[in-house]
Amino acid sequence: MPNQKTSAYYKEPGPKLDRESPFESMMERFRFAAELLELDEGMFQYLASPVKQVIVSVPVIMDSGEIEVFEGYRVIHDNVLGPSKGGIRYAPDVNIDEVKALAAWMTWKCAVVNVPFGGAKGGVRCNPKELSRMELERLTRRYTSNMLEVFGPDRDIPAPDMNTNEQTMAWIMDTYSMNVHRTETAVVTGKPTLLGGSQGRKEATGRGVVTVTLAALNKLAILPNKCTVAVQGFGNVGSISAKLMYELGAKVIAVSDISGGYYNENGIDIPAAIQYSKRNNNSLEGFPEAESISNAELLQLKCDVLIPAAKEDQISKQNADNIQARIIAEGANGPVTANADTILEDNGVMVVPDILANAGGVTVSYFEWVQDRQGYFWTEERVNRRLNRMMRDAFDNLFQLSEQHNITLRQAAYVYAIDKVAKTLKMRGIYA
Ligand code: NAD
């Protein structure tokens, strides 16, 4: 058990946790792992604080000719394992606290899948829906130019996140390259393949979700072609996860998006649903051959695997007791709150945590960076094979750790990640 001093310290700082928000939930899990590892106070403090926080103002000449000033952020939570890695989001409510929490999340995610990166996150507080393409380009280029000292293929490598995409990464790459007087593709990932992006990157997160789902099914002795699946969210992660499970012979009994849920006890034709959604402006609204249900009902269906792949806080203390799935594979970030964890554990539901389950994206981002630096590009088959191997190894490693300490997979993920970063730091020492 942790000693008195450290144990008291973990509980001391900050306001009382509500355990129902994704960031507080993450901190709760961080504290649990720190206690189990008996981290000393100094190390705890080190890991709880980001190494660098940068706030810049981003002036942009709008199409009207007027100047508007936006606020931009980049937080490097940790770079002990290697250059830091994390997405950049554009949203009206982005703030430094959110970016700090998301950066820490990236540190643990990279450590869990043994990708040699630290964690970072960035953002610009803006409403991208109100900005023209030219305004978005000027905003991105000025933000990048203000971050030239932070970004770099050996320092800090951005990627797309909410409301940013391949084009945003292309602008960042170009702006950085112009300033260093050479083409530096490895400064960002999630680029178009034409500019050094990796094959298989778009499908990587969903593919990783499926790899760990198969590993979990295997532990419960359930065959993939005999299992039933429900998927919440039908965007990049949800639709790819559903499609790959369908191709493996699983019966996907329900899917959903923001328009609601669609249930068919005999199984949904996923390729048809993907086609339908594409033709229907990325919406499943009105999808035939399925019964309409709500998103809340979808979560509570009797099935073997539930893949929440929409947004955070979907399974909380309000509905955790009604979950009938045997496995939850977290495609989204933070879909299960810390309060729900306890209930699901008591009910014997195996939760494959987000920092493992959706780490396929960052894993193939790592492959993209490796390929850019080598100037040698892999086939999609090679990307997928290596992705499957890394995800599978990470699952096996955490499963073993969870059995060894009699803890959940989520707790094992945090214990492994925090231990890895702390041990690396100890070996490197504190530079004075
Ligand atoms: P996306 O925008 O492509 O798709 C989101 C889907 O969720 C859409 O179908 C949308 O209609 C649906 N949705 C939104 N609100 C909903 C609600 N209230 N109820 C039900 N459905 C709702 O996003 P994505 O890239 O698939 O990301 C989904 C989740 O996975 C997010 O939590 C994201 O942070 C996480 N994630 C994504 C990646 C990635 O590589 N794309 C990597 C790691 C984690």
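Colleague: Hi! How many salt bridges does the rule find across the interface of domain 1 and domain 2?
Modeller: Zero salt bridges turn up across that interface. Keep in mind that this is a predicted model.

Colleague: Okay, and how many residue pairs are in polar contact there?
Modeller: The rule gives one residue pair in polar contact across the interface of domain 1 and domain 2, with both residues at pLDDT 80 or more.

Colleague: Let me back up. Where does each domain run?
Modeller: Domain 1 covers 50-184 and domain 2 covers 204-357, according to the domain assignment of the protein. Taken over C-alpha atoms, their centres are 30 Å apart.

Colleague: How many residues of each are in contact?
Modeller: Five residues of domain 1 touch five residues of domain 2. Between them the two domains bury about 480 Å², and 68% of that is on carbon and sulfur atoms.

Colleague: Nice. Now the sheets. What is the strand order in the five-stranded one?
Modeller: The order is β1-β2-β4-β3-β5, in an open sheet with mixed pairing. At its edges are β1 (52-61) and β5 (156-160), each pairing on one side only. On average, neighbouring strands of this sheet are turned by 25° against each other, direction ignored.

Colleague: Do β3 and β5 pair in the parallel or antiparallel sense, or what should I look for?
Modeller: Look for parallel pairing: strand β3 (residues 84-91) and β5 are joined over five bridges. Ile88, for instance, has Pro160 in β5 as its bridge partner.

Colleague: And what order do the strands take in the seven-stranded sheet?
Modeller: That open sheet runs β9-β8-β7-β6-β10-β11-β12, again with mixed pairing. Strands β9 (291-293) and β12 (350-352) each have a single partner strand, so one side of each has no neighbour in the sheet.

Colleague: Which residue stands opposite Ser292 in β9?
Modeller: Tyr262 does. Strand β8 (residues 260-263) pairs with β9 in the antiparallel sense over three bridges.

Technical notes:
Residues are numbered from 1 along each chain as its sequence is written. This is a predicted model: local features need pLDDT of at least 70, side-chain atom pairs count only at pLDDT 80 or more; totals for chains, interfaces and linings use all residues. Side-chain values use heavy atoms; hydrogens and water are left out. Two strands pair if DSSP finds at least two bridges between them. Helices (H or I, at least four residues) and strands (E, at least two) are DSSP runs, numbered from the N terminus. Axes are lines fitted to C-alpha atoms, for helices over the stretch in contact, and angles run from 0 to 180 degrees between N-to-C directions. Domain bounds come from an automatic or database domain assignment. Contact means heavy atoms within 4.5 Å. Buried area is the accessible area (1.4 Å probe) that two parts lose on being put together, summed over both. A salt bridge is a side-chain nitrogen of Lys or Arg within 4 Å of a carboxyl oxygen of Asp or Glu. A polar contact is a pair of N or O atoms within 3.5 Å; within protein, one must be able to donate a hydrogen and the other to accept it, and residues adjacent in sequence count only if both atoms are side-chain atoms.
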